[in-house]
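Hi everyone, thanks for coming. Let me put the structure up, and then we can walk through it together.

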Amino acid sequence: MSALVLGLLLFLGMHSVRIVADGWRSQVIARRGEGAWKGLYTAVSLLGLGLIIWGYGQARLQPVVLWASPVWTRHLAGLLVLLALVLLAAAQVPGNGIKARLHHPMVLGVKVWAAAHLLANGYLADVVLFGAFLLWSVLSFRAARARDRAAGTVYPSGNALATGI
């Protein structure tokens, strides 16, 4: 379980720099350059992701059951994951109505994905993994919306063709 937690700290910690230390991030980019920042970001994130995968696998070898989820929650989770995938895709398609309305569909997709998995899984490793991603996505969405308001960001309206793709 310690590898899983360390991986989450590295991965989500690196992805949380804009939430907790946006000014520091800007200073590092100004001093070292964007390429150096992206290299550090990538290296730490990949190390964290590797530890998450390995730690989650290790934790599942000795599962700790917190609750038994009803079978129907798996079906609901499947539907919610489909919605999460639509939100993830919407973040990448320029000019679509979903992004125009929600502003940060990728973070919302992570939130829906994590919540869906929490509904269907009652093991300690699942709660730690998906709970951490859910908490991160809530904080990230809130911070991104606050940055948008502070910067006066206006998102262009979407069109039906881009939304339907």
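**Salt bridges, pockets and a patch**

Let's start with aspartate 126, which is buried, with a relative accessible area of 0%. Please keep in mind that this is a predicted model.

Which side chain does aspartate 126 meet in a salt bridge? The partner is arginine 60, at 3.5 Å from N to O. Arginine 60 sits in helix α4 and aspartate 126 in helix α8, so this pair ties together parts that are 66 residues apart in sequence. Arginine 60, for its part, is partly exposed, at 41% relative accessibility.

A quick reminder for anyone new to this: side chains of opposite charge can pair when their charged atoms come close. In this model the count is four salt bridges.

Another of these pairs is lysine 38 with glutamate 34, at 3.1 Å from N to O. Both residues belong to helix α4 and are four residues apart, which is about one turn of the helix. Lysine 38 is partly exposed at 48%, and glutamate 34 is partly exposed at 47%.

Next, have a look at arginine 18. Its side chain forms a salt bridge with aspartate 22, at 3.4 Å from N to O. Arg18 and Asp22 are also linked with Arg25 in a network of salt bridges.

Arginine 18 brings us to the pockets. The largest pocket holds about 610 Å³ of space. Its lining has 26 residues, and Arg18, Tyr41, Met106, Val107 and Arg147 lie nearest its centre. Several helices give two or more residues to that lining, including α3, α4 and α7. Sorted by class, the lining has 14 nonpolar, six polar and six charged residues.

The second largest pocket has a volume of about 210 Å³. Here 13 residues form the lining, with Leu12, Ser16, Ala132, Leu135 and Trp136 nearest the centre. Helices α1, α2 and α8 each supply at least two of the lining residues. How many charged residues are in this lining? There are none: the classes are 11 nonpolar, two polar and no charged.

Last stop, the surface. Met1, Val5 and Leu9 make a nonpolar patch of about 260 Å². Methionine 1 is in the segment before α1, and it is partly exposed, at 37% relative accessibility.

That's my tour, and I'm happy to take questions!

Terms used:
Residues are numbered from 1 along each chain as its sequence is written. This is a predicted model: local features need pLDDT of at least 70, side-chain atom pairs count only at pLDDT 80 or more; totals for chains, interfaces and linings use all residues. Side-chain values use heavy atoms; hydrogens and water are left out. Patches are made of residues with over 30% relative accessible area and no salt bridge: like charges are joined within 9 Å, nonpolar side chains (Val, Leu, Ile, Met, Phe, Trp, Tyr) within 5 Å. Accessible areas come from the Shrake-Rupley method with a 1.4 Å probe; for residues, only the protein chains shown count as cover. Buried means under 20% relative accessible area, exposed over 50%, partly exposed in between (1.4 Å probe, protein chains only). On a 1 Å grid over the protein atoms alone, a cavity is a set of points where a 1.4 Å probe fits but cannot get out, and a pocket is an open set with protein on both sides within 12 Å along at least five of seven lines; lining residues have an atom within 4 Å of a point. Grid points are joined across faces, edges and corners, and a volume is the space filled by probe spheres set on the points. Ala, Val, Leu, Ile, Met, Phe, Trp, Tyr, Cys and Pro count as nonpolar, Asp, Glu, Lys and Arg as charged, and the others, Gly among them, as polar.
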